[in-house]
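Visitor: I'd like to learn how to read aromatic pairs in a structure. Could you walk me through it?

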Amino acid sequence: MKRLMGCHLIVALALSLCFALSIMAQEKKETEGVYTIKKGDTLWDISEKFLKDPFLWPKLWQRNPYITNPHWIYPGNPVRLSAFEEAKKEESPKVVEEKPREVKEVKPEAAEVKEVKEVKKVEPPPVVEKKPEVIAEKKPVEEKKVIPEIRSAGFIAGFDYKGIGVILDNKEGKNLMAEGDVLYLAFKTAETISIGNKYTIFRASDIIRDPVTEKKIGRKYSISGNIEIIDHFGKFYTARVLEAFDAIYNGDMIQPYSKEKMEIEPKR
């Protein structure tokens with residue numbers, strides 16, 4: 001009887017230890033930017049928990065290209081929470097540390113005072129020149145991060161702005177579309193629609209009020225992405241999504257493509 005009790009106790013301790021290790025492994029993954037899907041999870045819930053905004057779930061979809069349909073995610077699969085980053089920033093401080101050490105090793109070998117003074121004069125220039133180089137490398141990275149936000153910032157127009165066309169459906173029958181998907185469109189404009197033309201997708205958002213009088217002065221429209229016409233049949237056209245800043249839905253509207261706003265190049 002005592003042996004059975006001892007065996008049960010050992011099994012219980014082993015199970016509890018395995019459970020604790022699995023929780024620690026899960027927490028380690030989450031801190032490293034990877035989350036393992038649990039039963040009942042959705043991209044909406046994961047985005048709300050880790051990105052602090054459920055409406056950012058399309059960003060998680062873009063960072064995990066293996067997810068073909070965002071409505072179907074499975075327990076046990078990993079979800080990358082952050083985008084891939086280059087690890088070049090850590091290399092520059094090592095160069096700054098190594099070179100001063102080489103200069104210090106030369107000092108004991110110098111036999112005369114004059115030679116020591118010459119070494120001291122050489123020390124400051126390399127240190128002063130390296131610091132601006134590290135700062136200059138960081139600036140272009142910061143500018144590139146701002147550009148997508150400018151392109152998808154949206155605009156303000158009248159309450160009934162409808163653009164020049166609308167998305168009717170998509171080839172795969174999805175509820176929401178993203179980059180690479182094929183869409184079916186209809187236009188309501190006298191302008192010629194040609195294959196290769198680009199257009200911008202948008203949808204109505206919040207009502208804008210005067211900050212003093214609180215009178216309604218217009219509506220904000222958010223930009224979802226850009227498309228290119230690839231085919232047409234009669235009054236109906238087929239387009240491919242070139243880039244998506246947000247999820248794209250049937251019923252979203254279309255307006256002319258602005259090259260000045262959408263093709264901003266980073267300053268160097």
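This is a predicted model: local features need pLDDT of at least 70, side-chain atom pairs count only at pLDDT 80 or more; totals for chains, interfaces and linings use all residues.

Visitor: What describes a pair of aromatic rings?

Guide: You look at the distance of the centres and the angle of the planes. In this structure, the count comes to ten aromatic pairs.

Visitor: Which parts does the pair of Y35 and F50 tie together?

Guide: Y35 sits in strand β1 (residues 34-36) and F50 in helix α2 (residues 43-50), so the pair ties together parts 15 residues apart in sequence. Y35 is buried, at 3% relative accessible area, while F50 is partly exposed, at 23%.

Visitor: What kind of pair do F155 and Y221 form?

Guide: That one is stacked, with 5.4 Å centre to centre and 15° between the planes. F155 belongs to strand β3 (residues 155-157) and Y221 to strand β7 (residues 216-233), so parts 66 residues apart in sequence are tied together by this pair. Y221 is buried, with a relative accessible area of 1%. Ring pairs also link F155 and Y221 with Y161 and F202 into a cluster.

Visitor: And T238, is it buried or exposed?

Guide: T238 counts as buried because its relative accessibility is 17%, and the cut-off for buried is under 20%. You'll find T238 in strand β8 (residues 236-244). Leaving aside residues up to four places away in sequence, T238 touches V182, L183, Y184, E228, I229, I230 and D231.

Methods:
Residues are numbered from 1 along each chain as its sequence is written. Side-chain values use heavy atoms; hydrogens and water are left out. Helices (H or I, at least four residues) and strands (E, at least two) are DSSP runs, numbered from the N terminus. Buried means under 20% relative accessible area, exposed over 50%, partly exposed in between (1.4 Å probe, protein chains only). Contact means heavy atoms within 4.5 Å. Rings of Phe, Tyr and Trp (its six-membered ring) pair if their centres lie within 6.5 Å; planes under 30 degrees apart count as stacked, over 60 as edge-to-face and the rest as tilted.
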